[in-house]
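Let's take a walk through a protein model together. Have the sequence and the 3D view ready, and we'll go one part at a time.

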Amino acid sequence: MAKLFKCSVCRFVYEGEEAPEFCPKCGAPREKFEELTEEQANKIYSSDRTNDIHMEIVQLAMRIIELAKEGIEIDLDPPCVDLFKKAIKEAWIIKQRSKAELEGHMTKGKF
Ligand SMILES: [Zn+2]
């Protein structure tokens, strides 16, 4: 596993053998970087995967909304239209829940 270095100025996390000469995000010099412990690094890797899953869930929920809108347009019969309307509401909740969680991670500096 590569080493991780965190910029103490902007919290950018760099992956590599050593800290970069300058932070790719804020331009701070190498001295501003701290090497993360293995435990901290593992946390970052597992939160990366968790964030990817949240993002995929958001995309799938958006796809459900698209499909349900198409179904409403086709308008085969009222029960189908009702079901699609419910699907839109439910997918919206799923999407917003994952988005809120992602935003929470970002403000807590989890990744
Ligand atoms: Zn930085």
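What arrangement do the 4 donor atoms around the zinc ion make? Before we get there, remember that this is a predicted model, where local features need pLDDT of at least 70, side-chain atom pairs count only at pLDDT 80 or more, and totals for chains, interfaces and linings use all residues. Residues are numbered from 1 along each chain as its sequence is written, and side-chain values use heavy atoms, leaving out hydrogens and water.

Now, the zinc ion: Cys-7, Cys-10, Cys-23 and Cys-26 coordinate it through their SG atoms, at 2.3 Å. (Donors are N, O and S atoms within 2.8 Å of the metal, or 3.2 Å for Na, K and Ca; water is not among the atoms, so sites may look incomplete.) The angles between the donors run from 105 to 113 degrees, so the arrangement is tetrahedral, a label for four donors with all angles between 85 and 135 degrees.

Along the sequence, the spacing of these donor residues reads C-x2-C-x12-C-x2-C. Cys-7 sits in strand 1 (residues 3-7) and Cys-26 in the loop between strand 2 (13-16) and strand 3 (33-35), so this pair, 19 residues apart, links distant parts of the chain. Strands here are DSSP runs of E with at least two residues, and helices are runs of H or I with at least four, numbered from the N terminus. Cys-7 is buried at 1% relative accessibility, while Cys-26 is partly exposed at 36%. Buried means under 20% relative accessible area, exposed over 50%, and partly exposed in between (1.4 Å probe, protein chains only).

Next, find helix 1 (residues 38-74) and helix 2 (residues 78-107), whose axes come within 8 Å and cross at roughly 160 degrees. (Axes are lines fitted to C-alpha atoms, for helices over the stretch in contact, with angles from 0 to 180 degrees between N-to-C directions.) That makes the two helices roughly antiparallel, the term for angles over 145 degrees.

Technical notes: Four donors count as tetrahedral if all angles lie between 85 and 135 degrees; four count as square planar and six as octahedral if opposite donors are over 155 degrees apart and all others between 65 and 115; anything else is irregular. Angles under 35 degrees count as roughly parallel, over 145 as roughly antiparallel, 65 to 115 as roughly perpendicular and the rest as oblique.
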